[in-house]
Amino acid sequence: MNKTNSPATLSIEDLRTSFKDQVIAPGDPEYDTARAPFYGGIDHHPAVIIRVKNAQEAASVIALARQTGMELAVRSGGHSVVGHCVSDGGIVLDLSGMRDLQIDVEGCTVWA
């Protein structure tokens with residue numbers, strides 16, 4: 001973990017290796033669409049958007065934010081009216097790919 005006052009360097013290439021086909025950075029064709037919240041009027045430009053597929057990947061992105069000292073925004077549906085789902089210069093943890101639903105009928109429990 002980075003113990004200095006300055007953030008660690010974030011390597012997009014390293015992220016693309018760790019999170020295959022899930023890293024969106026400035027300059028990528030889908031960047032502007034991926035960074036835009038559902039409601040317009042927010043024009044933040046995150047350093048990177050990482051779409052995770054499971055809780056383990058989400059935990060890795062949270063650890064990355066801690067290590068680098070970068071702001072972390074969590075995006076589920078992107079419906080934050082004030083733009084909390086996108087960071088300006090930080091990391092966006094995009095949960096939109098986590099669409100698993102597990103139903104335990106006997107236990108009357110649902111995990112989403």
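Visitor: How many of the protein's residues count as buried, as a percentage?
Guide: Of 112 residues, 34% count as buried. Keep in mind that this is a predicted model.

Visitor: Which helices and strands do I have, and in what pattern?
Guide: Three helices and six strands. Along the sequence they run α-β-α-β-α-β-β-β-β.

Visitor: Let's go to single residues. Where is D94?
Guide: In strand β4, which covers residues 91-94.

Visitor: Is D94 buried or exposed?
Guide: Buried. Its relative accessible area is 3%, so D94 falls under the 20% cut-off.

Visitor: Which side chain makes a polar contact with that of D94?
Guide: The side chain of R51, at 3.2 Å.

Visitor: And what else is D94 in contact with, leaving aside its sequence neighbours?
Guide: Beyond four places in sequence, D94 is in contact with I49, I50, R51, V52 and R75.

Visitor: Switching to L64. Which helix is it in?
Guide: Helix α3, residues 55-68. L64 is buried, with a relative accessible area of 14%.

Visitor: What is L64 in contact with, its sequence neighbours aside?
Guide: L10, L15, I50 and I91. L15 is 49 residues from L64 along the chain, yet their C-alpha atoms are separated by 9.8 Å.

Visitor: Now the loops. Where does D28 lie?
Guide: D28 is in the loop between β1 (23-24) and α2 (31-35).

Visitor: Is D28 buried or exposed?
Guide: Buried, because its relative accessible area of 19% is under the 20% cut-off.

Visitor: What does the side chain of D28 reach?
Guide: The backbone nitrogen of A25, at 2.8 Å.

Visitor: What does E71 touch, not counting residues up to four places away?
Guide: S87, D88, G90 and I91. With S87 there is a polar contact of 2.5 Å between the side chains.

Visitor: How far apart are E71 and D88, C-alpha to C-alpha?
Guide: 8.4 Å in space, and 17 residues in sequence.

Visitor: What's the phi of C108?
Guide: Near 55°, a positive value in a residue other than glycine. C108 sits in the loop between β5 (102-104) and β6 (109-111).

Visitor: Buried or exposed, that C108?
Guide: Exposed. C108 has a relative accessible area of 72%, so it is over the 50% cut-off.

Visitor: Last topic, pockets. How much space lies in the largest pocket?
Guide: About 160 Å³.

Visitor: Which residues line the largest pocket?
Guide: K53, M98, R99, D100, L101, Q102, W111 and A112.

Visitor: How does the lining split by class?
Guide: Four residues are nonpolar, one is polar and three are charged.

Definitions and conventions:
Residues numbered from 1 in each chain as written. Predicted model: local features only at pLDDT ≥ 70, side-chain atom pairs only at ≥ 80, totals over all residues. Heavy atoms only, no water. Helix = DSSP H or I, 4+ residues; strand = E, 2+ residues; numbered from the N terminus. Buried < 20%, exposed > 50% of the residue type's maximum accessible area, 1.4 Å probe, protein only. Polar contact = N/O pair within 3.5 Å; in protein donor to acceptor, adjacent residues only side chain to side chain. Contact = heavy atoms within 4.5 Å. 1 Å grid on protein atoms, 1.4 Å probe; cavity = no way out; pocket = protein on both sides within 12 Å on 5 of 7 lines; lining within 4 Å. Points joined across faces, edges and corners; volume = space filled by probe spheres on them. Nonpolar A, V, L, I, M, F, W, Y, C, P; charged D, E, K, R; others polar.
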